[in-house]
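Good morning, and thank you for making the time.

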Amino acid sequence: MENPVYDPAYFDAPTLYEAKRLMFPGDPEKFEERWNGDTAFLRDMLIRELQPKVGDLLLDYGCGIGRIAREMCLLGCNVIGVESSAVCRRYAVEYVNQPGHFLAVSPEEFDLLNRKGLKCDLGCAFWTLQHCAAPAADIERISRGLKTLSRLLIANARSRRMVPVRTAEGKSELFDDHVDLWQLLGLHFGLHNTITYPYGLGLKPEEYLLRGYCKTI
Ligand SMILES: C[S@@+](CC[C@H](N)C(=O)[O-])C[C@H]1O[C@@H](n2cnc3c(N)ncnc32)[C@H](O)[C@@H]1O
């Protein structure tokens, strides 16, 4: 593809339902099952790997419409969702519906809070870094936003990047720039665990995985 240009509006879906569908395109009949299965799996892995406690502050990086934030608020956590799409931030506040326990902010707003001393107890970034335009900067932001020895859980494609771009012809596409996210993450975090994505949830285990990290620097 010649001269692809990053498309920041890719996740600005016109309705909450369309924002959900962007996550799992394909057969609409299977959508609810895939959404529920993936959400429950990620929630369970987060509980197992990060062992959140009531009152902990979770950084949900690229929170989308807040499906994981909602699950974690229901378990008694506080969540700060960092989300580059203002449209998704609005959906997230509505979907999570936990005033006083959930906050959706832009990356720049998170940087401001962080400069003023905010650090989170644990973090997750599910299906986000694979879409970021400049993931090294996002990984640095996540690292700065976590306390030392915090745990972090990441879900991503194993090797494919899917950066939303506009082609020279104005077509919207997902572009693989071959940036190695796992190598970038390894510069900031110690690898704790690798979790194979299970069969039966609609994503191929050979294409996707989760990794648990610990912030050691
Ligand atoms: C595939 S969605 C995943 C949403 C959510 N993590 C989930 O699992 O439901 C990716 C999200 O990352 C957001 N995103 C992309 N680049 C980002 C960045 N640099 N910083 C924060 N959010 C970003 C997108 O707007 C989108 O909402």
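Let me begin with a question: is Gln51 buried or exposed? Before I answer, two remarks on what we are looking at. This is a predicted model, in which local features need pLDDT of at least 70 and side-chain atom pairs count only at pLDDT 80 or more, while totals for chains, interfaces and linings use all residues. Residues are numbered from 1 along each chain as its sequence is written.

Now for the answer. A residue is called buried if 20 or more other C-beta atoms lie within 10 Å of its own, exposed if 12 or fewer, and partly exposed in between, with the C-beta atoms placed from the backbone. Gln51 has 10 other C-beta atoms within 10 Å, and therefore it is exposed. Gln51 sits in the loop between H2 and S2, and it has a positive phi of about 45° although it is not a glycine. Trp127 is another non-glycine residue with a positive phi, of about 55°, and its place is in the loop between S5 and helix H6, residues 135–144. Trp127, however, is partly exposed, because 19 other C-beta atoms lie within 10 Å.

Let me step back to the whole protein. Its secondary structure comes to 7 helices and 10 strands, where helices (H or I, at least four residues) and strands (E, at least two) are DSSP runs numbered from the N terminus. The radius of gyration is 16 Å, close to the 17 Å that the globule rule gives for 217 residues, so the protein is as compact as a globular protein of that length; the radius is taken over C-alpha atoms, and the rule is 2.2 Å times the number of residues to the power 0.38. Along the principal axes, the C-alpha atoms fill a box of roughly 45 × 35 × 35 Å, and 35% of the 217 residues count as buried.

What lies inside? The largest nonpolar core has 50 residues, of which Leu58, Ala92, Cys124 and Ile154 touch the most other members. By such a core I mean a set of buried Ala, Val, Leu, Ile, Met, Phe, Trp, Tyr and Cys residues joined through C-beta atoms within 7 Å. In soluble globular proteins, nonpolar side chains tend to be buried together. Apart from its neighbours within four places in sequence, Cys73 is in contact with Val79, Val96, Gln98, His101 and Phe102. From helix H2, Arg43 touches Ile68 and Glu71, again not counting residues up to four places away. After H3 comes Gly76, whose phi is positive, near 100°.

Which residues come nearest to the ligand? Of the 19 residues around the ligand, they are Phe11, Gly62, Gly64, Ser84 and Ser85, where a residue belongs to the surroundings if its C-beta atom, placed from the backbone, lies within 6 Å. The shell has 10 nonpolar, 6 polar and 3 charged residues, with Ala, Val, Leu, Ile, Met, Phe, Trp, Tyr, Cys and Pro counted as nonpolar, Asp, Glu, Lys and Arg as charged, and the others, Gly among them, as polar.

I will finish with the strands, which pair if DSSP finds at least two bridges between them. Strand S6 (residues 146–157) and strand S10 (residues 208–214) pair in the antiparallel sense over 7 bridges, with Leu153 opposite Gly212. S10 also pairs with strand S9 (residues 190–196), antiparallel over 6 bridges. Elsewhere, an open sheet of 3 strands has the order S1-S7-S8, with antiparallel pairing. Strands S1 (5–6) and S8 (172–175) stand at its edges, each with a single partner strand, so one side of each is left without a neighbour in the sheet. Finally, S7 and S8 form a hairpin with 5 residues between them, and Gly170 in the turn has a positive phi of about 85°.

Terms used
Two residues are in contact if their C-beta atoms, placed from the backbone, lie within 7 Å.
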